[in-house]
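Subject: Structure for you to look at

Hello,

Here is the structure I said I would pass on. My notes follow below it.

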Amino acid sequence: MELCVFQGGLHLAPVLKPVATRSLLDEREAFRSALGAWFKKNGKDYPWRRTSDPYAVLVSEVMLQQTQIATVLGRGFYTRFLERFPDVVTLAGAEDDVLLKAWEGLGYYRRARMLRESAKAVIARHGGEFPADPAALLALPGIGRYTVGALLSFAFDKPAPLVDGNVARVLARLFDRADPVDSGPMLKWLWSTAEELLDPDHPRIYNSALMELGQTHCRPGVPDCLSCPVAAFCMAKEPSLLPVKAKRQAIEEIDEHAIYAIHDGKVLLSRQGRGRREGMWRLPVRDKSALSGLKLLHRRKYGITRYRVTLHVHAGHPGHPAVMAAGGDEWIDLEAVDLLVIPPADRAALTAVLGNAEEIA
Ligand code: SF4
């Protein structure tokens, strides 16, 4: 086997990669069969791969959009959610509080509400049965092109391409394409290439295999090319430098100031109105200028979209103007706090201050 050795990535790690000896486009069948055979032997046994129920597939896809497989599986979110909401009917009828509580820990709660909207639309438009039709699926709330491909191939075993981050990386490397994967022309190329390579006879296996290859061998950073099942077809010269991404938006540092006030066995919390955290409860956030004289109890950093937030929690005492309940604020029994849906950073801060942990990181 002929090998090329090069250095790539931030740490200049040496990467060994067999030289391509076969043409991917001319030998598509051989490529599909090498990939499929590898997957049948090595593919992971995820619960969503054992079902052809489009609802269960959709739940897994929505959960995995912004959450790692290890979290979704290891912490039992997927199984618990399907036990609580086994079908579109139960999900469509879920109250907001119950739905958000079932999603707690997964973050990006908008996904849960959108999932419920999809369930309602499937009932209203399709009598409760997911359609095996790309246009009808794409018309459902919150369902984009990737999810259409996932539903059609994973649930219905219908030939439909899909491109996610893993597939984009694998394709960019297989064809040695250094255009930014998030640019319009490259996205167009990725989707048309995914469609061209797709195995029309075994779309479920093929798409699963391509994604799994991206998670295992063709992973971000330094790939494991020596044991890659399709290395003979791969034209990448320096795979660890691919894919290229357009410049990211800069991270912005911001500060938030919240109060922690206890009175008569109750804690002051604030129910969030419209927006990303709608319906959730937070420590009441105040303008810094309103907090003079209040002691800083706790500080915690968290990230949300492009912001890196430092949450400062101040000890409020009844009588201080900042502790007067504002719109959305309520005094909540301490025993009821566990039942509320609270964003992770606020939950951690609240737990720390309730335990008198005066940690100033
Ligand atoms: S597809 Fe990825 S893992 Fe396989 S040889 Fe190419 S760069 Fe390496």
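pLDDT is the predictor's confidence in each residue, on a scale from 0 to 100. You will need it because this is a predicted model. Over residues 357-361 the pLDDT stays under 50, and for that stretch the model has 8 contacts beyond four places in sequence. The chain as a whole averages a pLDDT of 92, and 94% of the residues score at least 70.

The rest of this note concerns helix 2.

Helix 2 spans residues 54-64 and is mostly covered, with 10 of its 11 residues buried. The buried ones are P54, Y55, A56, V57, L58, V59, S60, E61, V62 and M63. What do these buried residues pack against? Their partners are helix 3 (69-74), helix 4 (77-84), helix 5 (88-92), helix 7 (110-126) and helix 9 (145-155).

I looked at one of these pairs further. Two packed helices are described by the angle between their axes and the distance between the axes. For helix 2 and helix 9, the angle is about 135° and the axes are 10 Å apart. Helix 2 is therefore oblique to helix 9. Their crossing is right-handed.

On the helix 2 side, the contact is made by P54, V57, L58 and E61; helix 9 contributes T147, A150, L151, F154 and A155. By type, the residues of this contact divide into 7 nonpolar, 1 polar and 1 charged. On the helix 2 side, P54, V57, L58 and E61 are also among the buried residues of that helix.

Regards

Terms used:
Residues numbered from 1 in each chain as written. Predicted model: local features only at pLDDT ≥ 70, side-chain atom pairs only at ≥ 80, totals over all residues. Buried ≥ 20, exposed ≤ 12 C-beta atoms within 10 Å, placed from the backbone. Helix = DSSP H or I, 4+ residues; strand = E, 2+ residues; numbered from the N terminus. Contact = placed C-beta atoms within 7 Å. Axes fitted to C-alpha atoms, helices over the stretch in contact; angles between N-to-C directions. Parallel < 35°, antiparallel > 145°, perpendicular 65-115°, else oblique. Left-handed = near helix turned anticlockwise from the far one by under 90°. Nonpolar A, V, L, I, M, F, W, Y, C, P; charged D, E, K, R; others polar.
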